[in-house]
Amino acid sequence: MYTAEVFEKAMNSCGYILDRIIHTKDSRNVLKVEGRINIPKRITISGERKIIICQKKFRWDDAGRCFSFRSHIRKRNFDLPINTILEYQKQREIESQM
């Protein structure tokens, strides 16, 4: 499990909007996260094709895997890069010690 800081950095790096963080009972580790993603949608207005941006709600579990907001359908395209964020933090700590 990861802390809220790691999830916030991962959500910001992907451009996702964070709505709510749910923690475990005994610690400050994250149990799940709820948020929104901007998704382009093609529509037809007066015979012209246009692209609008709409927001869709999703949720992420404690490992950063994305699911549909109200069901258990996995959305792999929107998984959070938590391992990448952790490796970047470790690398910055090593560089700061030198």
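Glutamate 5 and lysine 9 make a salt bridge, with 3.4 Å between their closest N and O atoms. The model behind this number is a predicted one, so it comes down to geometry computed from the coordinates. Both residues sit in helix α1 (residues 4-14), and because they are four residues apart, about one helical turn separates them. Neither end is tucked away: glutamate 5 is partly exposed, at 45% relative accessible area, and lysine 9 is partly exposed too, at 34%. As for the background, side chains of opposite charge can pair when their charged atoms come close.

Strands β1 and β2 run antiparallel and are joined by six bridges, and they form a hairpin with six residues between them. Within this pairing, arginine 20 has glutamate 34 as its bridge partner in β2.

On to the next pair of strands. β2 and β3 also run antiparallel, this time with 14 bridges. They form a hairpin with two residues between them, and serine 46 in the turn has a positive phi of about 55°. One of the cross-strand pairs here is isoleucine 37, whose bridge partner in β3 is lysine 56.

Strand β3 (residues 48-61) also contains aspartate 61. Its side chain forms a polar contact of 2.6 Å with that of arginine 65, and the pair also qualifies as a salt bridge, with the closest N and O atoms 2.6 Å apart. Aspartate 61 has a relative accessible area of 12%, so it falls under the 20% cut-off and counts as buried. Arginine 65, at 37%, counts as partly exposed. Leaving out residues up to four places away in sequence, aspartate 61 touches Phe7, Leu31, Lys32 and Phe67.

Phe7 turns up again in the nonpolar part of the model. The largest nonpolar core has 15 residues, of which Phe7, Met11, Tyr16, Val33, Trp60, Leu80 and Ile82 touch the most other members. At least two residues of this core come from each of α1, β2, β3 and α2 (82-97), and α1 supplies the largest share, five residues. Leucine 80 is a handy example of how the pieces meet: beyond residues up to four places away in sequence, it touches Phe7, Ala10, Met11, Tyr16, Trp60 and Gly64. In soluble globular proteins, nonpolar side chains tend to be buried together.

Methods: Residues numbered from 1 in each chain as written. Predicted model: local features only at pLDDT ≥ 70, side-chain atom pairs only at ≥ 80, totals over all residues. Heavy atoms only, no water. Buried < 20%, exposed > 50% of the residue type's maximum accessible area, 1.4 Å probe, protein only. Polar contact = N/O pair within 3.5 Å; in protein donor to acceptor, adjacent residues only side chain to side chain. Contact = heavy atoms within 4.5 Å. Salt bridge = Lys/Arg side-chain N within 4 Å of Asp/Glu carboxyl O. Pairing = 2+ DSSP bridges. Core = buried A, V, L, I, M, F, W, Y, C linked by side-chain atoms within 4.5 Å.
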